[in-house]
Each structure stands twice: as C-alpha cells, then as structure tokens.
Amino acid sequence: MGFDEILWKLRKKRGISQKKLAEDLGMSTGIIGMYESGKRKPSYEALEQIADYFNVSIDYLTGRDSKSVYYLDPDVAEMAQEIYDNPELRILFDASRHATTEDLKFVTEMVKRMKGED
C-alpha cells in the first residue's frame, strides 16, 4: 500500500473531507486530491506535517511499516508519566486493567461518593 492509499484511509477513518484536511494542514484541497490520487508526492516537510496530524510515523505513512504506530497525545503522555511515577496510581491502573465493566462502574461510583458528587 502506498502513501496515496494510506492517506485516503487515514482521512476516511477520521471521518474528514479533503477540504477539512487541507484547511487543518494549511494546504490546498487540490494538493490533498493529488496526493490521494498519486499524481503528486509530498515533500518531506509535508510528510512530517501529515504524520503529526494523524499521529502516525512517517514510515507508516509512506508504506515502509505495515503497523500504524500512534504516538501519545501530550495530555495522555503526561498522565502516563504520572502513573509511572506514582506507585499507588500504578497499582490502581494495573488492577483496572483486569476489572470487569461492573467493577469499574462500582469503583467509579465509590470515587464520586468520596468526592461528594452523588
């Protein structure tokens, strides 16, 4: 699969139009159309910009890697670091990974009550 098809699939998966993508990237709709039709190849700078937008690696975007590598959103990365740095949070997070939906609902309700949000 080449860049053109990967870009098209990423855009469709996100549910955005070529126009929306072009606006978000500061490009023309025509350029996006040419990228997706394979009539034009992006510059390295454009590849970086598109990869950052879709939160994937350039290797994935260009078809060099078949796995989509999503990078952490800065807010998620900050939360992950907090969990990593705090042993009590790590215990809670680890326990939640094996909890059932009912367990998570129960704990959520307990926390809300503790915070006085009921």
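Before starting, I noted the cut-off: a residue is called buried when its relative accessible area is under 20%, exposed when over 50%, and partly exposed in between. I also reminded myself that this is a predicted model.

Entry: I looked up R11 and found a relative accessible area of 5%, so R11 is buried. Its salt-bridge partner is E36, with the closest N and O atoms 2.5 Å apart. The pair links distant parts of the chain, as R11 sits in helix α1 (residues 3-14) and E36 in helix α3 (residues 29-37), 25 residues apart. E36 counts as buried too, at 13% relative accessibility.

**Entry: the other bridges I checked.** How many salt bridges does the structure hold? I found five. One of them joins the side chains of K20 and D24 at 2.9 Å, N to O. Both residues lie in helix α2 (residues 18-25), four residues apart, or about one turn. K20 is partly exposed at 38%, and D24 is partly exposed at 35%. I also found R97 meeting D94 at 3.7 Å; these two are three residues apart in helix α7 (residues 87-97). R97 is exposed at 55%, whereas D94 is partly exposed at 37%.

**Entry: a negative patch.** I saw that D75, E78, E82 and D85 form a negative surface patch. D75 lies in helix α6 (residues 74-85) and is exposed, with a relative accessible area of 53%.

**Entry: the record.** UniProt, in an unreviewed entry, places "domain: HTH cro/C1-type" at residues 7-61. Over that stretch I read 73% helix and 0% strand, with the end C-alpha atoms 7 Å apart.

Technical notes:
Residues are numbered from 1 along each chain as its sequence is written. This is a predicted model: local features need pLDDT of at least 70, side-chain atom pairs count only at pLDDT 80 or more; totals for chains, interfaces and linings use all residues. Side-chain values use heavy atoms; hydrogens and water are left out. Patches are made of residues with over 30% relative accessible area and no salt bridge: like charges are joined within 9 Å, nonpolar side chains (Val, Leu, Ile, Met, Phe, Trp, Tyr) within 5 Å. Accessible areas come from the Shrake-Rupley method with a 1.4 Å probe; for residues, only the protein chains shown count as cover. A salt bridge is a side-chain nitrogen of Lys or Arg within 4 Å of a carboxyl oxygen of Asp or Glu. Lys and Arg count as positive and Asp and Glu as negative; His and the chain ends are not counted. The place of a charge is taken as NZ of Lys, CZ of Arg, CG of Asp or CD of Glu. Buried means under 20% relative accessible area, exposed over 50%, partly exposed in between (1.4 Å probe, protein chains only). UniProt positions are given in the numbering used here, feature names are shortened, and annotations may be inferred rather than shown by experiment.
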